[in-house]
Amino acid sequence: MKNTARLVKTIREQGVSLSISGDHIEVAFLKENVDEGVLELIRDNKPEILQYLQSLSIVHDHINIPPVPLADSYALSSAQRRLWVLSQFEEASIAYNLPLQMELKEGYDIEAFKNAVYAVVERHEILRTVFRTNEAGDVRQWVQPLEELNFDIPCLDFRQSDNPKEEVEAYIAKDTYMAFDLEKGPLFRAALLQLADDHFVFCYNLHHIISDAWSVGIIQKDVFAYYEAFRQEEQAALTALPIQYKDYASWQTQQLEEGAFDVHRDFWLQQLSGDLPRLELPAKEVRPKLMTYKGQSLQTFLPKAGVQ
């Protein structure tokens, strides 16, 4: 399979994009003049190339991503590398904070809830990951043990404040714009803010380099699975994770090195070639010459009857 991967990479380097449609190989020419010998290579190796492309196809129910051997550090995914570069400037880094909060009422067992969060941080290595440059000058991700992470969930009592709600909102606003140290970590902050005897706000903040909207949903689901188990003094019904994010990042790096994603890259380079139209949206302000991270969110609701 590795020989076929090298062959496909060579073919693509000659300006030929390969994709599959059922049991057929579709060929697209990205250059005006393509050597006839490249087409002969495709014909002579069609079964092997087809099998290789099918193994990479996203129509598979799942992709077999193997766990990587334990090491001091691991490769970054392409998304992590992009966010690392963007986050070298404090203003840009803060723009990738993901602040969230939830209210805990009606007799929550706060100790059980805190232990559930700790259990999730232990379960998902990405929540214990930091990003540093190794001796060779390469940025790598380093997974830390929970006991070395310096992760804590303070419980702050605002019950005696003149205006608990305003002070809690001020605390969350301050934390929202507090930068993470990608090298030292942790890249996940959390706190329990108490407004009344039976009313807490759990606020938490993650850097986008370790999370996104989809994975936040998984984290929340696991927290409550552990919480219910701890509250009832039972074992959480969560199966062991077959892989961690570092395993995906290493797999992706290997795929890129072998040219597995070249067909997708070639497709979009062809689709986006030439002059692209500029999308002009109505705006209240004039677009600045230099990009900033100052923005605002506006929400509205459309009545169901008025939506066509």
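Student: Does Ser73 count as buried or exposed?

Tutor: Ser73 has a relative accessibility of 11%. Buried means under 20% relative accessible area, exposed over 50% and partly exposed in between (1.4 Å probe, protein chains only). Ser73 therefore counts as buried.

Student: Where is the place of Ser73?

Tutor: A word on conventions: this is a predicted model, in which local features need pLDDT of at least 70, side-chain atom pairs count only at pLDDT 80 or more, and totals for chains, interfaces and linings use all residues. Residues are numbered from 1 along each chain as its sequence is written, and side-chain values use heavy atoms, with hydrogens and water left out. Helices (H or I, at least four residues) and strands (E, at least two) are DSSP runs, numbered from the N terminus. Ser73 belongs to the loop between helix H3 (46–56) and H4.

Student: Leaving aside neighbours within four places in sequence, which residues is Ser73 in contact with?

Tutor: Contact means heavy atoms within 4.5 Å. With neighbours within four places in sequence set aside, Ser73 touches Arg140, Gln141 and Trp142.

Student: Turning to charges, how many salt bridges does the structure hold?

Tutor: A pair qualifies when a side-chain nitrogen of Lys or Arg is within 4 Å of a carboxyl oxygen of Asp or Glu. Salt bridges in this structure number nine.

Student: What is the N to O distance in the salt bridge of Glu103 and Lys105?

Tutor: Glu103 is partly exposed, at 48% relative accessible area, and Lys105 is partly exposed too, at 39%. Their side chains meet in a salt bridge with an N to O distance of 3.6 Å.

Student: How many residues apart in sequence are the parts that Arg123 and Asp222 tie together?

Tutor: The side chains of Arg123 and Asp222 form a salt bridge at 3.1 Å, N to O. Arg123 lies in helix H6 (residues 110–123) and Asp222 in helix H8 (residues 213–231), so the pair ties together parts whose separation in sequence is 99 residues.

Student: Are Arg123 and Asp222 buried or exposed?

Tutor: Arg123 has 15% relative accessibility and counts as buried. Asp222, at 6%, also counts as buried.

Student: And which helix holds Lys246, the partner of Glu125?

Tutor: Glu125 and Lys246 meet in a salt bridge at 2.8 Å, N to O. Glu125 is in the loop between H6 and strand S4 (129–133), 121 residues away from Lys246, which is in helix H9 (residues 245–257).

Student: Now the open sheet of four strands: what is its order?

Tutor: Two strands pair if DSSP finds at least two bridges between them. The pairing in this open sheet is mixed, and the order is S3-S8-S7-S6.

Student: Which strands stand at the edges?

Tutor: In the order S3-S8-S7-S6, each edge strand has a single partner strand, so one side of each is left without a neighbour in the sheet. The edges are strand S3 (97–105) and strand S6 (155–157).

Student: Which residue in S7 is the bridge partner of Leu156?

Tutor: S6 and strand S7 (residues 188–196) run parallel and are joined by three bridges. In S7, Leu156 has as its bridge partner Leu193.

Student: What angle does H6 make with S7?

Tutor: H6 packs on the sheet and touches S3, S7 and strand S8 (199–207). Axes are lines fitted to C-alpha atoms, for helices over the stretch in contact, and angles run from 0 to 180 degrees between N-to-C directions. The direction of H6 makes with that of S7 an angle of about 170°.

Student: What is the volume of the largest cavity?

Tutor: On a 1 Å grid over the protein atoms alone, a cavity is a set of points where a 1.4 Å probe fits but cannot get out, while a pocket is an open set with protein on both sides within 12 Å along at least five of seven lines; lining residues have an atom within 4 Å of a point. Points are joined across faces, edges and corners, and a volume is the space filled by probe spheres set on them. The lining of the largest cavity includes Met102, Phe113 and Tyr204. The volume of the largest cavity is about 70 Å³.

Student: Which element gives the largest share of the lining of the largest pocket?

Tutor: The largest pocket holds about 810 Å³ of space. Its lining has 27 residues, with His124, Ile126, Ser215, Ile218 and Tyr245 nearest the centre. The largest share, five residues, comes from H8.
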